[in-house]
Amino acid sequence: QVQLVESGGDSVQAGGSLKLSCVLSGSSTSIAYIGEKGWYRRAPGKERGMVSTIYSDDMTKYAESVKGRFSISQEIVKQMVYLQMNSLKEEDTAIYYCAARRCGSPSFDNWGQGIQVTVSS
């Protein structure tokens with residue numbers, strides 16, 4: 001099992017920026033079997049959805065709604081994954097979750113507790 005802890009959530013004005021961080025911890029074996037890390041979010045009244053993911057080889061994916069504004073990155077040695085969020089919009093307001101998927105797992109199976117990001121006009 002891998003533990004994930006998010007940080008960096010805050011309240012910002014529209015057009016502003018935030019950087020979320022997530023640290024992974026667990027046994028070396030558990031960490032070694034993580035093939036993909038990512039960020040998901042749950043906006044008020046909506047289901048949780050993918051924001052961005054990054055593979056071990058740094059290949060990335062983004063939701064259409066955040067392309068060009070958000071950037072995911074990682075520091076594997078430090079077991080960190082980041083989400084740089086620029087040009088924030090009110091609709092980016094959500095609880096953001098850090099997640100990790102084990103190699104061979106069809107879905108993300110390790111989740112952080114979530115962190116609030118609020119964007120106001």
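Is Cys 98 buried or exposed? Cys 98 counts as buried, at 0% relative accessibility; here buried means under 20% relative accessible area, exposed over 50%, and partly exposed in between (1.4 Å probe, protein chains only). Before going on, a word on the source: this is a predicted model, in which local features need pLDDT of at least 70, side-chain atom pairs count only at pLDDT 80 or more, and totals for chains, interfaces and linings use all residues. Residues are numbered from 1 along each chain as its sequence is written, and side-chain values use heavy atoms, with hydrogens and water left out.

**The cysteines**

A search of the whole structure finds one disulfide, meaning a pair of cysteine sulfur atoms within 2.5 Å. This disulfide joins Cys 22 to Cys 98, with 2.1 Å from S to S. Cys 22 lies in strand 3 (residues 18–26) and Cys 98 in strand 9, so the pair ties together parts that are 76 residues apart in sequence. Strands here are DSSP runs (E, at least two residues), numbered from the N terminus. The torsion about the S-S bond of Cys 22 and Cys 98 is about -90°, so the disulfide is left-handed. Cys 103, by contrast, is in no disulfide; the nearest cysteine sulfur, that of Cys 98, is 16 Å away.

Here are the relative accessible areas of some residues, side by side:

| Residue | Relative accessible area | Class |
|---|---|---|
| Cys 22 | 0% | buried |
| Cys 98 | 0% | buried |
| Cys 103 | 48% | partly exposed |
| Ser 25 | 37% | partly exposed |

Ser 25 also lies in strand 3. Between Ser 25 and Asp 92 there are 67 residues of separation in sequence and 27 Å in space, C-alpha to C-alpha.

**Strand 4 and its partners**

Next comes strand 4 (residues 34–42). Eight of its nine residues are buried, so strand 4 is largely enclosed by the rest of the structure. Strand 4 pairs with strand 9 (residues 94–102) in the antiparallel sense over eight bridges, where pairing requires that DSSP finds at least two bridges between two strands. In this pairing Tyr 40 stands opposite Tyr 97 of strand 9. Strand 4 also pairs with strand 5 (residues 49–55), again in the antiparallel sense, over six bridges. There, Ile 54 of strand 5 is the bridge partner of Lys 37. The hairpin of strand 4 and strand 5 has six residues between the strands, and in this hairpin Gly 45 takes a positive phi near 75°.

Which order do the strands of the open sheet of four strands have? The order is 1-3-8-7, with antiparallel pairing. Strand 1 (2–7) and strand 7 (70–75) stand at the edges, each with a single partner strand, so one side of each is left without a neighbour in the sheet. Strand 7 and strand 8 (residues 80–85) pair over six bridges in the antiparallel sense, and Ile 72 stands opposite Leu 83 in strand 8.

**The pocket lining**

Finally, which strand gives the most to the lining of the largest pocket? Strand 5 does, with three residues. By class, this lining has four nonpolar, two polar and four charged residues.

Conventions. Ala, Val, Leu, Ile, Met, Phe, Trp, Tyr, Cys and Pro count as nonpolar, Asp, Glu, Lys and Arg as charged, and the others, Gly among them, as polar.
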